[in-house]
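Student: Could you walk me through this model, one question at a time? I have the sequence and the 3D view open.

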Amino acid sequence: MVEPRPELSKLSDYVPGKSIEEIREQFGLTEVVKLASNENPLGASPKAVEAFHKIADSLHLYPRGDAPKLIDEIAEKFGVRKSQIVIGNGSDEIIDMVGKAFIRQGDNCVAITPTFSVYKFTTLSNGADFIGVGAGDSKTSLADLAAVVNEKTRVAFICNPNNPTGLYYSEKEIREFMAKIPASVLVFVDEAYAEFATAADYPEMSKLLGEFPNLFINRTFSKIYGLAGLRVGYAMANEAVISAMWKIKPPFDVNQAAQVAAIAALGDTDHVNATRKLNADGCAALTQAFEGFGFKVLPTQGNFICVHIGERAKELVGFLERNGMIIRGLASFGLPEHVRITIGKPEENEFLVELVKKWVEA
């Protein structure tokens, strides 16, 4: 028998949210609402959809692996050089490429936890140790993260705003952290939900790239632009770091449709603004409703809320699924008494609140 790499014994399977089709089949339902995966309830950018359809006749051609037009648009948007940008098949692949380029067997990587599980997966699959700092739903200080960095640390992962809690770190906190750690540690700041952040002190990380050569900013088109199904991620960093990423990047990973849709989405300010307004209004309404039920709702800078339900959290998730509503239980994140709820359209949010009311009063 061919033996797999020993590192794989440390890995557990990724636990995705349940799909609409899965719940329909399981419970014999016709109508199901999904508020579990932080997808854009307005759908994809209309300009991106139009661009997608326009390239239908050229799907037999390989895409430009270097995606020059997309990288030009990203560079202009953030005021960085094209040589400071790399793209990937979703931000997941960007994380994977960081592992291949920088994480060695015997190293370690550190992260604020609970957080996105792919950081740990990438660390362990490359033969390094993963050190998580923090537990529960309170905000962990970045000083605590800096305290566990040692001579074997290669990457420090900071999800900002954090998934699944929605908590965030300010520019001041990020700067103080960067000043405490050696330049040999890559500081990976994941900004998948950055476009939803409204806090006055939420950092503009791209402006810090010239100041910190070990800063790495990860972003995605999956959330506010609504292109989760096309898988487009991108990152900005020091040119030497980005050069290493391009060396191990698969040549045709970001397909032609994804590239043209992402370019169009970047320019669709109407869709972005509409999404932000929908998110802000829905966040306020859901927070008020769940606090009215007596549950603790964490303040959020993302397009979701994290709610402490208590020891009956799993029961609530099951009740909602049986009644056509999918939310995300957080046991796999180490928060078994919490749920994560994507902020949806008004009618979707109202449907959720009605079901939770029935469950609470039963």
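Student: In what order do the seven strands of the open sheet run?

Tutor: Keep in mind that this is a predicted model: local features need pLDDT of at least 70, side-chain atom pairs count only at pLDDT 80 or more, and totals for chains, interfaces and linings use all residues. Residues are numbered from 1 along each chain as its sequence is written, and side-chain values use heavy atoms, with hydrogens and water left out. Strands (E, at least two residues) and helices (H or I, at least four) are DSSP runs numbered from the N terminus, and two strands pair if DSSP finds at least two bridges between them. The pairing here is mixed, and the order is S2-S8-S7-S6-S5-S3-S4.

Student: Which residue of S7 is the bridge partner of Val187?

Tutor: Look at S6 (residues 186-190) and S7 (residues 215-220), which pair in the parallel sense over four bridges. Within S7, the partner of Val187 is Leu215.

Student: And which residue in S4 does Val110 stand opposite?

Tutor: S3 (residues 108-112) pairs with S4 in the parallel sense, over five bridges. Opposite Val110 you'll find Ile131.

Student: At about what angle does helix H7 run to S5?

Tutor: Axes are lines fitted to C-alpha atoms, for helices over the stretch in contact (heavy atoms within 4.5 Å). Angles go from 0 to 180 degrees between N-to-C directions. Helix H7 (residues 171-180) lies across S5, S6 and S7, and its angle to S5 is about 175°.

Student: How much space lies in the largest cavity?

Tutor: On a 1 Å grid over the protein atoms alone, a cavity is a set of points where a 1.4 Å probe fits but cannot get out; lining residues have an atom within 4 Å of a point. Grid points are joined across faces, edges and corners, and a volume is the space filled by probe spheres set on the points. There are two cavities of 30 Å³ or more. The largest one holds about 80 Å³.

Student: Which residues line the second largest cavity?

Tutor: This cavity has a volume of about 40 Å³. Its lining is Glu39, Asn40, Pro41, Phe196, Thr275, Leu278, Asn279, Asn303 and Ile343.

Key
On a 1 Å grid over the protein atoms alone, a cavity is a set of points where a 1.4 Å probe fits but cannot get out, and a pocket is an open set with protein on both sides within 12 Å along at least five of seven lines; lining residues have an atom within 4 Å of a point.
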